[in-house]
Structure formats: structure tokens, C-alpha cells
Amino acid sequence: MIRRRRARGGAPRTGVDWFLTFLRVAILTVVAVGILAFIAQEIDTDNPFARWANPDATGLTGAQFRGLIISGVAQGSMYGLIALGYSMVYGVLGFINFAHGEVFMVGAMTGMITSNKLADAGLWESNFIGSLVFIVIVSMIVCTLVAVIMERVAYRPLRGSPRLIPLITSIGVSFFIQNASIVLLGPAAKAYPDVPDWVKDKHTFLQIEGSRILVVVVAAVSMGVLWYLVEHTKGGKAMRAVAEDAEIAALMGINVNRTIVKVFAVGGAMAGLAGILWGILFRSVIHSTGFLPGIKAFSAAVVGGIGHLGGAMAGGLSIGVAESVGPLLILEPLGVSGVSQLRDAVAFAVLIGVLLLRPAGIFGERLPAEDRT
Amino acid sequence: MTATVPPATPTSGVPAEPAPAPTRGALDQDWRRLVRMGAVGAVAQIFIALSNMPVRLDERVIVKPVLSLGYLTLLIVPFAAGHRVGHQIKREGVPVHAAGAHEVAGGAACGALAGGGLSLLAVLLANFDLREPLVNWSPMLAELLAFGNETWFAVVVWLVIGTACGAAGGALRLLGPRTRRAVVTMALAVGGAAVLEPLVVDLAEGMRLEALTDRLYARRGGVNWTSGLGLAAASGILAALGRGRLQQARAHIAELEGASRTRTNGLLILATAAVLVILPLFAGKLTNELLANVGLFVLLALGLNIVVGLAGILDLGYVAFFAVGSYSAAVLTAATSPRINPELPWLVALIVVVVITGLVGLFIGAPVIRMRGDYLAIVTLGFGEIIRLIFLSDWLSGWFGGSQGITKIPGAGIFGLTDVAGTDPRRVFYLVLAFCAIAIYVSWRLERSRLGRAWMAVREDETVAEAMGINTVNVKLLAFVVGAVLGSFSGAIFSAKVGSVFPNSFLILVSIVILVVVIFGGMGNIVGVIAGSAVLIGVLGGPKQPGLLAEFSEFKLLIYGALLIWMMLARPEGLIPSVRRSRELHQQEMAQDAWLKGQVEDDNHNDGGSPKAAPAT
């Protein structure tokens with residue numbers, strides 16, 4: 001992307017370029033004015049600037065603001081875990097696995113089923129941590145299987161076909177898994193069993209719910225493990241080599257097919273873990289659970305620079321915080337009403353904004369060699 | 001496998017068709033492949049059974065009293081597995097075995113495995129209760145599987161049925177081409193008669209031919225088995241007598257060139273148009289409603305076809321234009337619209353709608369047009385969802401009514417002559433037909449214009465297109481706008497037809513369904529796109545509109561998903577492919593063929609030099 005823009009340097013600017021420039025400026029202006037109006041409100045709700053932007057401005061208290069940031073961080077780390085799958089698959093195969101969000105949904109569903117079974121057996125209350133570990137393992141296994149089967153059935157036969165073909169196939173896979181969940185498990189939303197009080201309640205420490213701390217900690221730990229796997233083991237080296245150039249990697253004696261399966265497996269396992277984190281945070285799951293987090297996680301992967309592990313996590317955190325704080329920070333001060341309904345629209349807007357302003361993401365993309373040349 | 005069989009000695013420049021190898025023995029199977037196929041079949045069977053398809057579709061009878069659609073869904077899998085397992089991959093220079101006992105035995109074994117899946121399920125159903133996660137784990141399913149008997153009966157009977165279906169599938173390979181064609185035609189005739197039942201009954205009523213349909217169909221649905229047999233016999237005889245004349249005729253038409261080609265095409269179009277104009281006169285409400293729905297989707301699919309099929313831009317947010325078209329038409333014509341209600345006549349409103357949608361197309365298109373294909377897909381998806389969320393939000397509910405939508409939209413008045421509203425589907429259909437005609441003409445002319453060629457060039461290789469002096473950005477943007485305008489026609493008609501618009505009519509899944517229609521029919525081919533809409537929307541139904549198989553409404557999205565995957569894997573160029581597009585998709589194979597041809601020529605040249613093995617695949 002960077003290269004292309006540089007190559008265009010000498011080309012005459014067309015109407016589209018002017019429009020894009022205008023759009024970039026407009027986005028930045030709206031964001032800047034919104035933040036300024038927010039600051040003005042925070043200083044004093046009666047000052048003329050705040051009044052002009054939103055006549056009935058109230059501003060936020062410090063505790064509210066902190067709460068928003070923390071819930072953003074918790075959700076963001078979940079998005080980051082899902083984003084890893086997008087990012088790794090994109091790095092290796094060069095296409096967006098649209099169905100990855102559905103793998104996450106399968107994880108959340110598996111967690112719901114297993115935890116309800118455990119709750120029926122009475123184990124969920126008596127040994128919460130043990131059951132949690134158990135459902136995490138089950139869900140990771142199931143999601144790994146789903147991801148690997150998906151690769152084998154739908155994507156492997158399409159290796160080397162024009163680029164949009166696997167993308168369209170993955171849309172089909174996503175649609176299929178979603179509707180399979182409807183016909184097999186029913187269309188209604190399903191609840192996780194009740195969690196212990198220490199997870200539900202706010203703790204004295206910073207007034208954070210236990211579930212949020214749990215999510216952030218689990219995400220951080222698994223991120224660390226994954227980083228070690230990819231950077232310091234032989235399998236991880238193979239993955240990086242295949243991502244760099246599959247043909248050369250094959251010449252070096254790396255089994256490309258097996259490495260790709262491994263990538264899907266790791267991505268699936270991370271999505272399964274994220275599914276359980278979703279269950280802990282929201283305690284409810286439905287067939288369409290995977291769609292929006294999937295898109296947001298993809299945005300996170302793009303924001304962080306696709307193909308970049310740390311970037312995926314950083315992107316996830318920024319998307320999470322942006323969608324949680326953004327509406328109240330930028331839209332509410334500008335006088336837009338009912339902002340909480342626009343949360344998802346904000347997440348999409350972040351994606352579009354990033355692709356407009358900095359298409360290569362924060363840390364730059366790591367693309368397969370063929371895309372760079 | 002390739003290594004064991006010696007490559008046939010080529011005689012001329014073109015690789016000669018090797019003589020068929022002798023048949024294989026019944027036990028000389030590729031067991032691993034067979035077991036794998038059977039296992040996949042078994043899993044598919046269990047999935048279908050647990051999806052509740054058999055129970056729900058049991059009410060739709062196909063042949064009275066033998067076969068219902070529900071049981072058909074269970075029979076088709078072992079049949080397909082049995083047929084598929086006998087498939088031999090044709091490789092250049094490798095002789096193909098003639099079909100024989102091998103195919104039947106293999107098919108039977110494979111079918112037995114697939115049927116065994118249901119036997120297993122019957123045992124599990126009797127002994128475990130998994131109703132908690134699986135909603136369809138019901139006694140009803142067990143009863144259906146056991147035909148109302150004990151569990152052991154189900155176990156035995158599904159093994160037997162599986163074996164029989166698999167063997168039948170394998171045996172299909174034994175038939176000569178002519179017999180096979182006759183058999184397939186017979187099956188299609190009976191199945192088609194059953195599927196089209198509501199349509200045929202409706203038309204027969206309009207034409208006062210009830211006597212005929214009373215004979216053909218049983219009182220409560222389904223083809224009578226006697227008349228079913230008659231129909232099968234008649235179609236079989238016709239097919240046998242026809243000897244593929246239809247295909248010959250088609251090939252003949254395809255070969256025509258110049259003036260005679262134009263004349264034949266004109267005649268064909270005229271005939272189709274005449275049928276489409278006259279048919280609704282005899283049809284009742286149901287048929288016209290169906291035709292109108294199909295027409296609306298033809299309009300949408302033609303629009304998406306320009307974006308995806310011609311210009312190669314994967315726009316997943318196409319529903320946005322449909323939504324904008326519907327909403328702006330609603331706001332401009334309805335007296336009940338919250339903020340502005342100019343109550344324009346429909347045709348005047350349509351002009352404004354086209355302008356608005358074109359502008360929205362520009363606005364959405366301009367920022368995304370420079371992105372890489374896959375980013376573009378996701379971002380357009382985002383735009384599609386943002387547009388819906390904005391219509392839904394409280395923020396603009398003063399303009400668009402929020403989740404309440406806009407209701408009491410008047411019908412479409414045409415010059416004060418008629419008023420087209422949803423209460424009279426026939427008029428809606430004629431309106432849709434008129435717009436379809438416009439859209440078809442526009443697409444057809446565009447495809448052959450300078451702009452159309454530029455689109456195809458951009459689709460095939462953007463860099464090369466740019467080097468050829470095409471302004472790729474403008475060209476792609478134009479595709480976006482033209483697609484948007486065609487989508488807005490459909491939207492404007494939709495709001496007049498339904499009489500109300502709600503944000504939830506414009507979910508992303510509408511985009512995906514349109515995409516499936518375009519891909520199924522054949523990207524980049526107008527006839528293909530129309531056929532795709534007719535088959536999918538007509539038979540299975542649209543996102544909210546019921547089709548001929550109304551019982552499928554719960555499963556149609558699942559089927560759309562599966563269809564999309566299967567089409568991409570097996571036939572990415574679609575049902576009726578566009579020549580250019582399929583050439584592009586099979587570039588590799590064609591290159592391989594050319595390479596192989598070169599090899600053969602080399603061999604001939606060397607005159608008996610060391611024969612090269614067929615390329616490993």
C-alpha cells in the first residue's frame with residue numbers, strides 16, 4: 001500500500017484524490033472538534049463552546065470514563081485474540097478468512113454447552129476455576145478442529161486461484177456455519193450459567209469487575225505464549241518462513257501444507273479462547289455472535305498492520321477502546337443523540353478511517369513476498 | 001496411481017483419447033477413498049437429520065404416497081456418495097476404466113456407510129438425551145427414521161436403503177449416455193412437476209385446465225404415483241427420441257454468426273418476452289407475487305453483476321443501495337414520512353431517487369476504490385451495515401422513523417394511468433418486467449461498449465489495464481455508480497410494492513443472497529444472472545420472500561451458504577458461464593493443456609525418444 005502511494009506521487013491528482021483528501025481532513029476535523037468539545041464540557045458544562053456543540057451536555061465523571069476505558073480494554077483484548085487468526089492466515093495465504101468470526105462463535109457456543117452441562121452436574125459452582133479451564137480446553141479443541149476442517153474442505157482446493165475466490169468461499173463458509181448453528185441449536189440466544197460473585201462484582205481495586213480483569217489477564221498470558229511459539233520454536237519459524245515466501249520455504253524443506261494447517265489450528269484455538277472470554281464478559285451467545293466481533297477483529301488486524309502479531313493485539317486494544325469511548329468522546333459532545341446505538345457504526349468507521357488515513361496500519365504490514373513486489 | 005499405468009503413445013499433435021481399460025473387479029476398490037467418502041456421507045446424513053430438514057419437509061409430498069421431500073433429503077446423500085465414489089479423474093494419457101461391477105459394488109459399500117450414519121443416529125436417539133444443546137433431538141425424528149417401528153428396524157432399514165441408493169448411484173455410471181440422459185430427464189420431469197406444483201396449479205386454474213392438474217396431482221399435494229409414472233415414461237421416451245437434439249440446436253445457435261445470429265437472438269428474446277407478458281394474465285396472485293419477487297432480485301443481481309461480474313469489484317455492501325433507493329423513494333412519496341414529505345408522484349420521485357443513489361454510490365465508492373480487492377470487500381460490507389444502523393438509529397429517526405420505519409407508502413402511479421401497489425402483484429410484475437427490460441438492455445449495451453471492455457480489462461489485470469491507458473479509478477467508480485442506480489430501481493419498486501420500509505429489511509444477508517444468485521448463475525453473464533435469480537429466488541425464495549418450496553424457508557440460508565462454497569469449489573464460473581470469465585478462471589488448466597500439447601509435439605519431433613511421463617499433478 002505504501003509503495004503504491006509513493007508510485008502515484010508523480011501522477012496527476014484526479015477528482016477522487018481531491019475527494020479523499022477532503023474526506024481525510026473532514027474525519028480529522030470531526031474527531032478534533034469532538035474531542036475539543038468533550039474537553040470543554042469536562043472543564044465546565046456551561047462554557048459557550050460546549051453549549052454550542054451540545055446544548056444539554058453533561059460530561060462524564062472520572063469513574064464513568066475509567067469504566068468505559070476498562071471495558072474497552074477487556075473487549076479489545078478479546079478482539080486482539082480473534083485478530084491473531086485473521087492476521088496469521090492473511091500472512092500465510094494472503095486472503096481474509098471471513099469465516100474466522102464464526103469459529104469464534106463456535107467457541108462461545110461450545111463454552112455455553114459445556115458450562116451448562118457442568119452446571120447441571122454441580123461442578124460449575126463448586127470448582128469454578130477448574131471448570132473454566134476445562135471449558136477453555138474443550139472450546140479450543142473444538143475450534144481448532146473446525147478451523148482445520150474448514151481449511152481442508154474449503155480453502156485447500158482453492159490454493160492458487162484468483163484472489164477473490166477464496167474470499168467469496170469464506171463468506172459462504174461463514175454463512176453456512178451461522179445457519180448451521182441456527183438449525184442445529186435453535187435461533188434463540190442462549191445463556192451461560194451464573195458466575196461466582198467475585199467475577200460479577202466490582203473490586204475495591206480501581207472498581208473493576210472481576211470478569212474484566214480475568215479477560216485481560218487470560219488474553220495477555222495467551223498472547224505471550226503465542227509470541228513465544230511463533231518467535232522461538234521451530235514450528236513458528238516455519239510459519240514465518242511460509243508467510244515470507246511459501247515457494248522458497250518449500251524448497252528449504254518445510255512442509256507448507258502442514259504449516260498452513262498449523263496456522264489455522266493456532267488461529268482456531270485463539271478464537272476458541274476468545275469465545276470463552278466473550279461468554280465470561282457477556283454471558284449470552286447467539287448464532288450471530290461471531291459477525292460483528294469478527295469484523296471488528298479484522299479491523300484490529302488491519303489497524304495493527306496485517307501479518308503482525310503484536311500489531312493485532314495493539315489493534316484490538318485500540319478498536320476496543322475506540323468503540324467504547326468513541327461515541328461518548330466524539331459523537332455525544334457534537335450533539336448526536338442515542339450514541340450507544342451507533343457503537344458498531346463507530347467500529348466500522350474506525351476501520352474505514354484507518355484504511356483511508358493509514359492503510360498499512362500502525363506497525364506496517366507484513367505481506368507475502370508476491371504482494372510486495 | 002499415475003506411475004503404474006503406462007502413458008498412451010500419442011499419434012498426432014493432439015493427445016489421443018486412450019482406449020478404455022478393462023473393467024475392474026468388484027473388490028478392487030480404492031478402500032481409503034471409499035471409506036472417506038462414506039464417512040463424509042454419514043456425517044452429512046447425521047447433519048441433515050439433526051437440522052430437522054426431514055421432519056419439516058415430510059409434509060411436502062413429491063410422489064404420493066411413496067416419497068416426501070423430507071425422505072428425499074435423506075436418500076440423496078447415499079445416492080450422491082455412491083455415484084461420486086466411482087468417479088475417475090481423467091488424466092491425459094491415462095486410460096479410463098470402463099464401468100462395471102466395480103462401480104456398483106463401490107457405490108453400494110459407500111452408500112451403506114452413509115446410510116449407516118443414520119443407523120448410528122437412530123441408536124443414539126434411542127439411548128441418549130441430547131435435547132439440551134441440539135433442539136431437534138426429538139422422538140419425532142426417531143419415529144421418522146424408524147418409520148414408526150422399533151429402533152432395530154431403523155438400523156437395518158437405513159443400512160439397506162443406503163446400500164440400495166449407493167448401488168443405484170454407482171449403477172448410473174453403467175448406463176450409456178443416451179439411457180442416462182433419459183433417466184435424468186425422467187427424474188427431472190417428476191421432480192420438476194412436484195416442485196412447480198403451486199405454479200402449475202395456479203396457471204391451470206387461470207387457463208381453466210383444472211381437469212389436467214386434478215389428474216396429475218394428489219388432493220393434498222404431490223404427484224400421483226400413477227400419473228408420476230406416466231410423466232416419467234413420457235419424458236423418458238421424449239428424451240430417448242430427442243437424442244440430444246436440444247443440445248445440438250443450442251450448439252448450432254452458438255455457432256451462428258452475423259445477421260443470422262442477430263435474427264435468432266431477436267426471435268428468442270421476442271418469444272421470451274411474449275411468454276412473460278402473456279403468462280401473468282392467466283396466473284393468479286401467488287404466481288405473480290413469485291414472478292415479481294424474482295424480478296426484483298433480477299434487477300438487484302443485474303446491478304451487482306456489473307460491479308462484481310464485469311468490473312471485478314467484490315461489493316459486499318450492495319444492499320446499501322437497495323436500502324437508499326427504498327428509503328428515498330419512501331420519504332419522497334409517503335405522506336407519513338416524518339420530516340420531509342413532498343408526496344411526489346412515483347415517477348418523479350424515481351428520478352430524484354436515481355440521483356440520490358448515484359451520489360451515494362459516488363460517496364461510498366470514492367474512498368474504497370483504491371483499496372485492494374479484499375479490503376474493499378470488508379469496507380463495503382461495513383458501509384452496508386453503517387447505512388442500516390443509521391436508518392435504525394434514534395439520531396436520524398426524525399427523518400427515517402428509526403426502527404418503526406416508514407409505513408403507508410403509496411403505490412407507484414404511472415402517468416395517472418395505473419397505480420401499482422402490492423395488492424395487485426400482476427401490475428407489480430409488469431412494472432418490474434419493464435425495469436428488468438431496461439436493466440438488461442443497459443447491461444447488454446454496456447458490456448459491449450468501450451466502458452464494458454475497460455471494466456473487463458480492469459477485472460482481469462488492473463496494472464495492465466492502467467498501462468493500456470484506462471483510467472482505472474474512474475472506470476471502477478462508474479461501475480459502482482451504475483450498479484447503485486440499478487439497485488435503486490429495485491429499491492424504489494420494493495417500497496411501493498410492500499408499502500413500508502424497515503431497517504431490518506436491509507440486513508447484510510440480502511447482499512450475500514444477491515452475491516450467491518450472481519455467482520450461481522454465472523458472473524458476468526446476463527442470461528446466467530437471470531437464470532440464477534429464477535432458480536434460487538423462485539424455488540428457494542429470497543431473504544424474506546417465500547419461494548415455490550415454502551417449506552424450505554428455515555433452511556434456505558443454510559443452503560445458500562453451502563451452495564456458495566460448492567460453486568466456488570466445483571464451478572466458479574457459474575451455471576451459465578460467461579466465456580471470457582471462465583477462461584480467466586481456468587487459466588492454469590488451459591496453460592497446462594497447452595504445455596502438454598507442446599510436450600506431445602516435442603515427443604513426436606524427437607521421434608521415439610524417451611517418452612516423457614504425464615506431468616505429476
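How many residues does the contact take from chain A and from chain B? The contact takes 45 residues from chain A and 43 from chain B, where two residues are in contact if their C-beta atoms, placed from the backbone, lie within 7 Å. This is a predicted model, in which local features need pLDDT of at least 70, side-chain atom pairs count only at pLDDT 80 or more, and totals for chains, interfaces and linings use all residues. Residues are numbered from 1 along each chain as its sequence is written, while chains are lettered from A and ligands numbered from 1 in the order in which they are written.

**The chain A side of the contact**

- The elements of chain A that give two or more residues to the side touching chain B are α2 (15-43), α5 (100-121), α8 (164-185), α14 (291-303) and α16 (343-357); helices (H or I, at least four residues) and strands (E, at least two) are DSSP runs, numbered from the N terminus.
- With 15 residues, α8(A) gives the most to this side.
- By class, the side of chain A that touches chain B has 34 nonpolar, nine polar and two charged residues. Ala, Val, Leu, Ile, Met, Phe, Trp, Tyr, Cys and Pro count as nonpolar, Asp, Glu, Lys and Arg as charged, and the others, Gly among them, as polar.

**Helix α16 of chain A**

- α16(A) is mostly covered, with 11 of its 15 residues buried (20 or more other C-beta atoms within 10 Å of the residue's own, C-beta atoms being placed from the backbone).
- Among the buried residues of α16(A) are A:Phe348, A:Leu351 and A:Ile352.
- The cover over these buried residues includes α2, α14 and α15 (309-331) of chain A, together with α15 (346-368) and α16 (373-392) of chain B.

**Chain B as a whole**

- Chain B has 26 helices and five strands.
- The radius of gyration of chain B, taken over C-alpha atoms, is 27 Å, close to the 25 Å that the globule rule (2.2 Å times the number of residues to the power 0.38) gives for 617 residues, so chain B is as compact as a globular protein of that length.
- Buried residues make up 45% of the 617 residues in chain B.

**A sheet in chain B**

- Three strands of chain B form an open sheet in the order β2-β1-β3, with mixed pairing; two strands pair if DSSP finds at least two bridges between them.
- The edge strands, β2 (67-68) and β3 (223-224) of chain B, each pair on one side only.
- Strand β1 (residues 61-64) of chain B runs antiparallel to β2(B), and two bridges join them.
- B:Val63 has B:Leu67 in β2(B) as its bridge partner.

Note on methods: A residue is buried if 20 or more other C-beta atoms lie within 10 Å of its own, exposed if 12 or fewer, and partly exposed in between; C-beta atoms are placed from the backbone.
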